[in-house]
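Dear colleague,

I am handing over the structure below, and I would be glad if you read the notes that follow with it open beside you.

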Amino acid sequence: MRSNFIINDFKGWKRKNYLFLFAMILVQLIAFVFNPSSWITLVGGLSGIICVNLIAQGKASNYIFGFISALIIGYFGFKTRVYAEVLLQSFYIVMDITGLYTWLKVSEDGSGNVTDVKTLKGIQWLYVGFIWLGIGIVAYSILGFVNDAQQLLDAVTFSVSATAMLLMIKRYQSQFVFWLLGNLFSIVLWFRAGIHAGGDYALFVMYCMYTINSIYGMIHWLKIKKNNY
């Protein structure tokens, strides 16, 4: 593994990609100014923004920033009793470590950059659907033990995002279908948390921007696949 792979992961982007990253950071900062809750939440949000942009670019260092974001958001989810978020971020912490190791291991030049993009085809979608359902059932059961206030919504949110993470580690472009669904569910989850449980609207704004990034990532990974076919 090259020691400077994180720095290199930010090089060579198109100008519009840098502008999109800066725009997402700016929106997050503006949201914090209008609703200044805590600096640690801001750091978590900014780490998450950098993470999802690196995912869209197919860069391995996304797992490092994702790990930081998962620690912070998981703690805040526990504090505000959004137990689905605690469960999801705990899963991310484990998968971020696994994903970083996997991407770097399969990379011939040690960069971890994604080149061998895969897409789900035919019956593979059915298999993934069963995985999604299985994860959802387990999550629903776990959330039932902690008397989660919105057990079904939270279980669905977790299962969709967890499935996306597993597909990402395996470098499937189809992950973005699940990221998009998961982000839409999280928008609802954190908006309701902001109204009823003293949640942070900065995280609501963050997931809105994640949704836009998911659409971009879906398109960009197809371009990577085409260019390396």
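Helix α3, residues 39–57, has 19 residues and reaches 27 Å from its first C-alpha to its last, close to the 27 Å expected at 1.5 Å a residue, the expected span being 1.5 Å times one less than the number of residues. Helices here are DSSP runs of H or I with at least four residues, numbered from the N terminus. Of the 19 residues of α3, 15 are buried, so α3 is largely enclosed by the rest of the structure; buried means under 20% relative accessible area with a 1.4 Å probe, protein chains only. Just after α3, Gly58 takes a positive phi of about 75 degrees.

Please bear in mind that this is a predicted model, in which local features need pLDDT of at least 70 and side-chain atom pairs count only at pLDDT 80 or more, while totals for chains, interfaces and linings use all residues. Residues are numbered from 1 along each chain as its sequence is written, and side-chain values use heavy atoms, with hydrogens and water left out.

Helix α4, residues 62–79, has 18 residues and reaches 25 Å between its first and last C-alpha, close to the 26 Å expected at 1.5 Å a residue. Its buried residues include Tyr63, Phe65, Ile72, Ile73 and Phe76, and α4 is followed by Arg81, whose phi is positive, near 65 degrees.

Finally, helix α6 (residues 123–145) and helix α7 (residues 151–169) pack at an angle of about 135 degrees, with their axes 8 Å apart, where axes are lines fitted to C-alpha atoms over the stretch in contact and angles run from 0 to 180 degrees between N-to-C directions.

Best wishes

Technical notes. Helix = DSSP H or I, 4+ residues; strand = E, 2+ residues; numbered from the N terminus. Buried < 20%, exposed > 50% of the residue type's maximum accessible area, 1.4 Å probe, protein only.
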